[in-house]
Amino acid sequence: MPRTVIRGGLVITAAEEMHADVLIEGEQVVALAATGSDVADGWTADRVIDATGQYVIPGGVDAHTHMQLPFGGTEASDTFETGTRAAAFGGTTTIVDFAVQSVGSSLRAGLDAWHAKAAGVCAIDYAFHMILGDVNESSLKEMDLLVGEGVTSFKLFMAYPGVFYSDDGQILRAMQRGADNGGLIMMHAENGIAIDVLVEQALAAGKTDPRYHGEVRRELLEAEATHRAIKLAQVAGSPLYVVHVSAASAVAELARARDEGLPVFGETCPQYLYLSTDNLAEPGFEGAKYVCSTPLRPREHQAALWRGLRTNDLQVVSTDHCPFCFTGQKDLGRGDFSKIPNGLPGVENRMDLLHQAVLDGHLTRRRWIEIACATPARMFGLYPRKGTVTPGADADLVVYDPTAVQTVSAATHHMNVDYSAYEGRQLTGRARTVLSRGTVVVDGDAYLGRAGHGRYQQRSTCQYL
Ligand code: URP
Ligand code: ZN
Ligand code: ZN
């Protein structure tokens with residue numbers, strides 16, 4: 001088996017920081033030893049990667065992506081091939097994408113379709129959650145089978161009536177089933193029925209610009225749905241993971257529930273930490289670039305999100321990567337904001353935006369690794385294979401340059417989308433060398449990986465409870 005040693009870096013995990021050399025055999029980390037120690041100096045290897053002055057971190061685990069998702073009358077513009085390659089450039093080595101059960105169809109059919117999209121093309125490892133788009137007797141039974149084959153989390157929507165929406169009865173039944181079979185319920189918590197009334201009223205009043213997307217998707221309707229989801233989970237006796245939390249009042253609902261000792265978890269995304277309704281209100285139709293749901297909030301909400309990440313009322317930062325090109329896709333909603341496909345690109349930027357948060361004093365280095373690598377791996381049953389640097393773990397490693405300065409731009413990113421939500425933003429820190437299961441897939445600006453290197457990962461049930 002080929003041996004690689006990464007020498008001289010500062011190894012950072014969620015638990016500790018140490019100046020250590022890392023020995024890789026084949027696809028796995030087999031040993032760590034203090035840099036300069038007799039043990040480390042005695043290691044021979046086929047390849048030595050010099051990490052002096054760099055961090056050595058676990059590859060990022062992005063637990064919320066939507067590659068080539070059919071949505072809003074179009075399809076997310078990154079394929080599994082382009083999206084996972086972009087993820088690798090950004091230091092992410094595992095994604096958990098959402099397979100979709102459509103109305104009238106089975107979980108099996110949806111999952112098979114997503115396997116077919118991803119098989120043989122991914123640059124990095126991947127796993128699936130399942131979107132329950134049609135909760136009924138037979139799909140509830142199928143949940144058990146999916147848990148058995150490593151799809152151990154299920155997303156439900158309180159939003160998007162007529163598309164993905166589930167009513168409270170369906171949600172309760174799915175939660176009860178999850179409580180029984182170990183599947184973790186993930187919730188899109190917005191009151192979609194009420195939102196649709198406000199959308200109709202806004203459009204009737206001639207309010208058609210992108211900024212009205214943020215206005216009708218009221219903060220109170222995120223807080224109310226979050227509260228309701230928590231209570232339904234409490235009745236079902238199931239844990240709950242609320243996705244893409246953007247409102248301060250929703251964080252407060254999660255914090256209150258957690259203070260009561262409930263197994264309730266929350267995820268936020270870089271767009272809610274760095275962008276705001278100011279972006280939605282950009283002139284012309286530019287605001288469409290920032291249309292996603294839950295929506296961007298006034299910037300005052302950001303402090304509550306950062307605080308939630310520090311206090312562990314929010315545990316995970318994922319991207320909800322769901323890119324649509326400005327030209328040809330976002331512009332489906334010119335003259336009617338409700339027709340703008342919902343979603344933002346970001347799979348390539350997450351690790352760097354969160355490293356910037358370390359430099360800005362929002363997070364410690366270990367907390368950066370915890371929310372971006374270790375906790376998503378534990379939450380979704382991939383730990384310690386993914387999310388940490390330890391003997392026996394997959395050698396998904398990033399040699400990270402904490403001093404490299406970059407300017408984010410669509411002109412240089414690798415995502416298949418014609419704009420960047422962070423265009424022109426200067427960030428300090430960048431993945432220099434990225435290994436996926438012991439193979440160097442990115443070295444500087446060079447892509448050394450291949451489509452199909454990435455393998456499907458069966459997951460165990462939640463390890464965070
Ligand atoms: O706007 C978003 N978030 N698009 C992706 C679908 C979802 O709700 O996560
Ligand atoms: Zn959602
Ligand atoms: Zn999503």
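Tutor: The following questions and answers concern a predicted model, and each answer sets a value against a definition.

Student: Why is Thr13 called buried?

Tutor: Buried means under 20% relative accessible area. Thr13 has a relative accessibility of 4%, and therefore it counts as buried. This residue is found in the loop between β1 (3-12) and β2 (17-25). Leaving aside residues up to four places away in sequence, Thr13 touches Arg366, Ile369, Thr388 and Val389.

Student: What makes the approach of Thr13 to Ala15 a polar contact?

Tutor: The cut-off for a pair of N or O atoms is 3.5 Å. A polar atom of the Thr13 side chain lies 3.1 Å from the backbone nitrogen of Ala15, so the distance falls within that cut-off.

Student: Why is Gln68 called buried?

Tutor: Its relative accessible area is 13%, and the limit is under 20%, so Gln68 is buried. The residue is found in the loop between β6 (60-65) and β7 (70-71).

Student: Is Tyr160 buried or exposed, and how do you know that?

Tutor: Tyr160 has a relative accessible area of 14%, which is under 20%, and therefore Tyr160 is buried. Its place is in the loop between β11 (153-157) and α5 (168-181). Although Tyr160 is not a glycine, its phi is positive, at about 55 degrees.

Student: Which peptide bonds are called cis, and what is omega in each?

Tutor: One joins Ser293 and Thr294, with omega about 0 degrees. Thr294 is in the loop between α11 (277-280) and α12 (301-311). Another runs from Tyr383 to Pro384, where omega is near 0 degrees. Pro384 belongs to the loop between α14 (365-379) and β16 (397-407).

Student: How do you know that side chains make polar contacts with ligand 1?

Tutor: The limit is again 3.5 Å between N or O atoms. An N or O atom in the side chain of Lys155 is 2.9 Å from an oxygen atom of ligand 1. For the side chain of His188 the distance to an oxygen atom of the ligand is 3.0 Å, and for a polar side-chain atom of His66 it is 3.2 Å. Each of these distances is within 3.5 Å, so each pair counts as a polar contact. Around ligand 1 there are 14 residues, of which Lys155, His188, Ser293, Asp320 and Asn342 come nearest.

Student: Which residues line the largest pocket nearest its centre?

Tutor: They are Tyr160, Arg217, Ser338, Lys339 and Asn342, out of 19 lining residues. The largest pocket holds about 440 Å³ of space. Helix α6 (residues 192-204) gives the largest share of its lining, 4 residues. By class, the lining has 10 nonpolar, 6 polar and 3 charged residues.

Methods. Residues numbered from 1 in each chain as written. Chains lettered and ligands numbered in written order. Predicted model: local features only at pLDDT ≥ 70, side-chain atom pairs only at ≥ 80, totals over all residues. Heavy atoms only, no water. Helix = DSSP H or I, 4+ residues; strand = E, 2+ residues; numbered from the N terminus. Buried < 20%, exposed > 50% of the residue type's maximum accessible area, 1.4 Å probe, protein only. Polar contact = N/O pair within 3.5 Å; in protein donor to acceptor, adjacent residues only side chain to side chain. Contact = heavy atoms within 4.5 Å. Near = heavy atom within 4 Å. 1 Å grid on protein atoms, 1.4 Å probe; cavity = no way out; pocket = protein on both sides within 12 Å on 5 of 7 lines; lining within 4 Å. Points joined across faces, edges and corners; volume = space filled by probe spheres on them. Nonpolar A, V, L, I, M, F, W, Y, C, P; charged D, E, K, R; others polar.
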